[in-house]
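Thanks for coming. Please have a look at the model.

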Amino acid sequence: MKIRTLVINAVIASLYVVVTSLLAFMSFGAIQFRVAEMLNHLAVFNKKYIIGIVGGVLISNFFFSTMVVYDLVFGVAHSLLSLLIMSGITRKITNVWIKMSINTLCFTLGSGLIAWELYLALQLPFWFSYFTVAIGELVVMGIGMPIMIYIDKKVHFNKQIEG
């Protein structure tokens, strides 16, 4: 990995951690709106951003979660699997809106992993947790789509990272 790619991913991970820490009160639990999840859309522009995104999830869950072990396993798995599935599905798609919509759906449907975590860790009802976490994911990533497209027009995400 080239130094520039490594540094950009470190910045992405740092942004994810800062946003999650500042909004920790609404970033964890059965009803959550983790605003940093908007950064998941970076992988639509270049799959090399996956490293920074997953790194940010890992660090955030380690330092700010009250269920550290569960969040390190389930939260990181949710992000990594959702990003990899989206990357595979959208490989030949060029329309950014469609790719972001698929990304949003992957994360929303993948929220079942977080619901399972909440069931195992806190004995919360699976389907209620799935519904509330999925709604939070859908809202945050849906709102994130036009925001990330607007920012991309200014900074050109794909040109910032090599490959």
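Two helices, H2 (42–45) and H4 (68–89), each give at least two residues to the lining of the largest pocket. Helices here are DSSP runs of H or I, at least four residues, numbered from the N terminus. H2 has the largest share of that lining, with 3 residues.

A note on the source: this is a predicted model, in which local features need pLDDT of at least 70 and side-chain atom pairs count only at pLDDT 80 or more, while totals for chains, interfaces and linings use all residues. Residues are numbered from 1 along each chain as its sequence is written, and side-chain values use heavy atoms, with hydrogens and water left out.

Back to the largest pocket. A pocket is an open set of points on a 1 Å grid over the protein atoms alone, where a 1.4 Å probe fits, with protein on both sides within 12 Å along at least five of seven lines; lining residues have an atom within 4 Å of a point. The space in the largest pocket is about 220 Å³, where volume means the space filled by probe spheres set on the points, joined across faces, edges and corners. Its lining has 13 residues, and nearest the centre are Ala43, Lys47, Ser87, Arg91 and Lys99. By type, the lining splits into 5 nonpolar, 5 polar and 3 charged.

The second largest pocket comes to about 180 Å³. H1 and helix H7 (126–155) are the elements that give two or more residues to its lining.

Now the packing. A nonpolar core is a set of buried Ala, Val, Leu, Ile, Met, Phe, Trp, Tyr and Cys residues joined through side-chain atoms within 4.5 Å; buried means under 20% relative accessible area, with a 1.4 Å probe and protein chains only. The largest such core has 27 residues, and Leu42, Tyr49, Ile53, Leu83, Met86 and Met100 touch the most other members. A second, separate core of 5 residues includes Ala30, Ile114, Leu118 and Val133.

Met86, leaving aside neighbours within four places in sequence, is in contact (heavy atoms within 4.5 Å) with Ala43, Val44, Lys99, Ile102, Asn103 and Cys106.

Last, Thr20, in helix H1 (residues 3–22). Is Thr20 buried or exposed? Thr20 is buried, at a relative accessible area of 1%.

Note on methods. Buried means under 20% relative accessible area, exposed over 50%, partly exposed in between (1.4 Å probe, protein chains only). Ala, Val, Leu, Ile, Met, Phe, Trp, Tyr, Cys and Pro count as nonpolar, Asp, Glu, Lys and Arg as charged, and the others, Gly among them, as polar.
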